[in-house]
Amino acid sequence: MGGCPNLRQTTMVKSDFGYNSKVEGEVIVTRADAVVNWVRSHSVWPMPMGLACCAIELMGAGGSRFDISRFGMEVMRFSPRQADCMIVAGTVTYKMAEVVRRIYDQMAEPKWVVAMGACASTGGMYRSYATLQGVDNIVPVDIYISGCPPRPEALLDGMMLLQEKIRQEGGSLKRTFRGRTVETKIVR
Amino acid sequence: MEAAVLTDRFPRTQVLASQDMPTYQVAGEDLVETVRFLRDAQGFDLLADLCGIDWKDRTPRFGVVIHLLSTTHKEYLRLHVGAVNDAVPSVSSLHPGANWHEREAFDMFGIRFEGHPDPRRILMWDAYPYHPLRKEFPLAGIEVPLPAADVAEVTGQAVEPAPMMGGPFVSPGGKMSQAEPSALDQSWNEEKPKA
Ligand code: SF4
């Protein structure tokens, strides 16, 4: 920070309000949770769990027109080992539920789940023998996004809500699921 | 193709009434030879569709419908074959495209395709105990365990009947559309009248 004259000038002008390097030196006092959460919320690596039509809007959100990378979450990873936010975009059938849960188990903590669209949130229009009535029956969901499909803006709004939620989390690695506190089971 | 071409060669074949395309009732024993004859001698070289039917109170109860297309004569043709003892000969050796269609008909109706190279379910998982498109199967489904025991144990989730009444698209008490199966009755199946 010391090597940047412009920044130093700015700091001097705003010294009454913001960070004052003359008073505090190069030290910031804050809570560990706040720093960790700040880092986490700006480096969300989504796992695109595209299962049906909603996945098309998810792809749209990743494209240049809507550009999810403006919010620091464009690094979509198809390996659960490299992702920390599963975006469930589409209809979860009972046959696929097992796979969704297994991929969730394989993601490293801390991890979050976004249920994108009516199907992932509630089963949507599929009131049938084949469809899981909401992915929250098998994985804990942090954000539900309404719509069939949600527009990319709605996904971006949901992801920014998720960032807000991450910023307010306690630093514990423990998560709750259906009212119970659960340690994440590691599946090899 | 004249109907007599088929009925002369396969005397058990009957012409069925149809509104759109020539339709024949074929005996199960003749099916493979009929499809081969149609493909090699009559130019019906494309299998456009193959599906099952639940006739409910006929004997045999299930049937298989095959749509063939001649890409040279631009003609469609439909074959119906009854599934005696719920079994029909497979035509996937003649038309490889029939492979997955036959698996689907097996999955949804429980029709066995004899001689099929890979007679597994295709949509539902292998251990699923029902055939969902049969008339008596309720629209909402029937409770069975999840296919993966470990996921069922961790999540406490089973394959449950879907909520019809009380679901987001049902207004209780209101009159539902006559055209579609009503979601007001969770146990609705094809055998019941539409509410
Ligand atoms: S919510 Fe709508 S758009 Fe999304 S997967 Fe379901 S049916 Fe498709």
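The dialogue below takes these features one by one.

Reply: This is a predicted model, in which local features need pLDDT of at least 70, side-chain atom pairs count only at pLDDT 80 or more, and totals for chains, interfaces and linings use all residues. Residues are numbered from 1 along each chain as its sequence is written.

Me: Which residues of helix H3 of chain A are buried?

Reply: An α-helix has 3.6 residues a turn, so residues three or four places apart point the same way. Buried means under 20% relative accessible area and exposed over 50%, with a 1.4 Å probe and protein chains only. Helices (H or I, at least four residues) and strands (E, at least two) are DSSP runs, numbered from the N terminus. In H3 (residues 32-41) of chain A, the buried residues are A:Asn37, A:Arg40 and A:Ser41. They lie on the same side of H3(A) because they cover an arc of only 90° around the axis, taken from the directions from the helix axis to the C-beta atoms. On the other side of H3(A), A:Ala32 and A:Trp38 are exposed.

Me: How many residues of the shell around the ligand are nonpolar, polar and charged?

Reply: Ala, Val, Leu, Ile, Met, Phe, Trp, Tyr, Cys and Pro count as nonpolar, Asp, Glu, Lys and Arg as charged, and the others as polar. The shell has eight nonpolar, three polar and no charged residues. Residues around the ligand (a heavy atom within 4 Å of it) include A:Cys53, A:Thr91 and A:Met125.

Me: How many residues has the largest nonpolar core?

Reply: A nonpolar core is a set of buried Ala, Val, Leu, Ile, Met, Phe, Trp, Tyr and Cys residues joined through side-chain atoms within 4.5 Å. The largest has 59 residues, and its largest share, five residues, comes from helix H5 (residues 94-106) of chain A.

Notes
Chains are lettered from A and ligands numbered from 1 in the order in which they are written. Side-chain values use heavy atoms; hydrogens and water are left out.
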